[in-house]
Amino acid sequence: MKYTSAEAAKLLRKLNEEKTALELKEEKSSIFVAAVGEDVESVRPAYEYESMQAALIELDRKIRVVKHAINSFNIQQMVDGFDMTIDQMLVYIPQLTARKRKLSMMKDRLPKQREDADGYGRASSNVIDYSYANYDISVVEKECSVVADELSRAQTALDVVNNTKTMEIEL
């Protein structure tokens, strides 16, 4: 069956949720407590070891198949407008995000800024310290804007691929 990357991710999430629910059910039903003198059979929860294990093994197989399909798709599928595959974009986008965060902090600095010596806004002595930006803030502002635009373009291009290109997954 054909899936987009977004659909495959949702399928993977669904399979993982099913497995978690089944493991929880097994945890709750594989052992039980009965009081002395209580009819054990009347409080015994329904649990069948072999069928439970078979269901868990089958879910694990499906999860492997879907993860492999997604991974294979990510290393082969090129992203339009970028000379990168999806897996490279999944590294590039966090790099851009970190760069944007750093540049944003740098552009928000004042050229000359008073330092708080004691952390409470009061100098601990009569000497006032200043920190100075050792770079041109206007250049950083421009670079931050360029990086923000590139990040937006990269995220949009990845969204397009994730929602339009398909892969084959046979469960």
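In which strand is the place of Tyr 132? Tyr 132 lies in strand S5, which spans residues 130-132. The structure is a predicted model.

- Ile 128, Tyr 130 and Tyr 132 together make a nonpolar surface patch of about 310 Å².
- Tyr 132 has a relative accessible area of 55%, and because values over 50% count as exposed, Tyr 132 is classed as exposed.

**Helices H1 and H3**
- Helix H1 covers residues 5-29 and helix H3 covers residues 49-76; their axes come within 10 Å and cross at roughly 160 degrees.
- That crossing angle makes H1 roughly antiparallel to H3, because angles over 145 degrees fall in this class.
- The crossing in which H1 passes H3 is left-handed.

**Helices H4 and H5**
- The axes of helix H4 (residues 86-107) and helix H5 (residues 137-164) come within 9 Å, with a crossing angle of roughly 155 degrees.
- H4 and H5 are therefore roughly antiparallel to each other.
- H4 passes H5 in a crossing that is left-handed.

- Tyr 49 is placed in helix H3.
- With a relative accessible area of 48%, Tyr 49 is partly exposed, because this class lies between the limits of 20% and 50%.
- Between Tyr 49 and Lys 142, the separation is 93 residues in sequence and 63 Å in space, taken from C-alpha to C-alpha.

Conventions. Residues are numbered from 1 along each chain as its sequence is written. This is a predicted model: local features need pLDDT of at least 70, side-chain atom pairs count only at pLDDT 80 or more; totals for chains, interfaces and linings use all residues. Side-chain values use heavy atoms; hydrogens and water are left out. Patches are made of residues with over 30% relative accessible area and no salt bridge: like charges are joined within 9 Å, nonpolar side chains (Val, Leu, Ile, Met, Phe, Trp, Tyr) within 5 Å. Accessible areas come from the Shrake-Rupley method with a 1.4 Å probe; for residues, only the protein chains shown count as cover. A salt bridge is a side-chain nitrogen of Lys or Arg within 4 Å of a carboxyl oxygen of Asp or Glu. Helices (H or I, at least four residues) and strands (E, at least two) are DSSP runs, numbered from the N terminus. Buried means under 20% relative accessible area, exposed over 50%, partly exposed in between (1.4 Å probe, protein chains only). Axes are lines fitted to C-alpha atoms, for helices over the stretch in contact, and angles run from 0 to 180 degrees between N-to-C directions. Angles under 35 degrees count as roughly parallel, over 145 as roughly antiparallel, 65 to 115 as roughly perpendicular and the rest as oblique. A crossing is left-handed if the near helix is turned anticlockwise from the far one by less than a right angle, and right-handed if clockwise.
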